[in-house]
Amino acid sequence: MAKQSGLGNQFYYAGYDLSGDIASLDSISSPRSTLDVTSISQSAMDRVMGLSSGLIQFTTHFNDAALQEHVALSALATTDKVAIYSVGETLNDTAAGLEAKQLNYELTRGADGAISISCEVQSSAGNPVEWGNILTTGVQTISSAAATTSIDQSASSSQGARAYIMNFTLNSGSPTVKIQDSANNSDWADLITFTGSSAASAERKTVTGTVNRYVRLNVSGTFSNLAVAVVLVRGTDKDDVSLAS
C-alpha cells in the first residue's frame, strides 16, 4: 500500500451498493469520550478513556431508481444496519465496517436546482468503526460454489478478528459463505462462517485467537450468482475488546 487519492472509492449500506450515488463521504470516525478523574491534589486535568463510538456522515445525489439511494435510505429503518467503506475494488484494499443506526435523511434543493441528501449513521452495537481489508473485488459476483483468490496479509496474528459481510443479490439457492485461513497458502481451515446468505442481508461476526497469514473466501452450496462484499479486520493488542484466546 502507498499514498493514494480518493478516486474509485466504494460505499455499501444495508445490502445496497450506493457507490454511484455518493457525492462525498464527509466523515468516517471513531470518536472517544474521556472521563474526568481529577483529584484535589492535582494541578491539571486527569482523564481516562471512556466509551468509544463510530459514525459515518455522507452526502448523496438524489436517485429514486430501483436499488439506489432513495430506496435504501428514505425509509429510515430503526434496526441495526451494516455499512462498508472501501478505498477501492482490489483484493486487500483498506476497508472499514460499522454496525449502525441511520439518524436522518435530509434533502436540500439548491438555488441552482441541484438536489442533495445528507445522512449520518452511528454505531449501535457497542463497536466503533473497524478498519481492515476487503476480501472481494468490490461487490463480487460468485456464480457457483468456489474459493476466491487468496490474499497474503504478510504474517499471522494472535488477536482474533472481526468480519463484515454484505449480500446484495442472489439469483437462487442457499450459499454458505466462509472466511478460511492458511499458514502456507495450501492447507485451509474454516475461520468464520457467516449465518446469512439471502439477498440484501448483512452481518458482523468475530473469532478469537490465531488468524493465519493467508485468507480467502469459500462459498459452498447449490446456488447461482451471489453478489457479495466481505471485510476482514484483524485484531490487535490495542483493541477496546480483546479477541485473543
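1. A pocket here is an open set of points on a 1 Å grid over the protein atoms alone, where a 1.4 Å probe fits, with protein on both sides within 12 Å along at least five of seven lines; lining residues have an atom within 4 Å of a point. Grid points are joined across faces, edges and corners, and a volume is the space filled by probe spheres set on the points.

2. This is a predicted model: local features need pLDDT of at least 70, side-chain atom pairs count only at pLDDT 80 or more, and totals for chains, interfaces and linings use all residues. Residues are numbered from 1 along each chain as its sequence is written, and side-chain values use heavy atoms, leaving out hydrogens and water.

3. The largest pocket has a volume of about 450 Å³. It is lined by 24 residues. Nearest its centre lie Pro128, Glu130, Arg162, Asp239 and Asp240.

4. Strands are DSSP runs of E, at least two residues, and helices are runs of H or I, at least four, numbered from the N terminus. β11 (130-134), β18 (201-207) and β20 (223-234) each give at least two residues to the lining of the largest pocket. β11 supplies the largest share, 4 residues.

5. The lining of the largest pocket has 7 nonpolar residues, 9 polar and 8 charged. Nonpolar means Ala, Val, Leu, Ile, Met, Phe, Trp, Tyr, Cys and Pro; charged means Asp, Glu, Lys and Arg; the others, Gly among them, are polar.

6. The second largest pocket holds about 230 Å³ of space. Its lining has 16 residues, with Ala14, Asp80, Lys81, Val82 and Ala200 closest to the centre. β18 gives the most to this lining, 3 residues.
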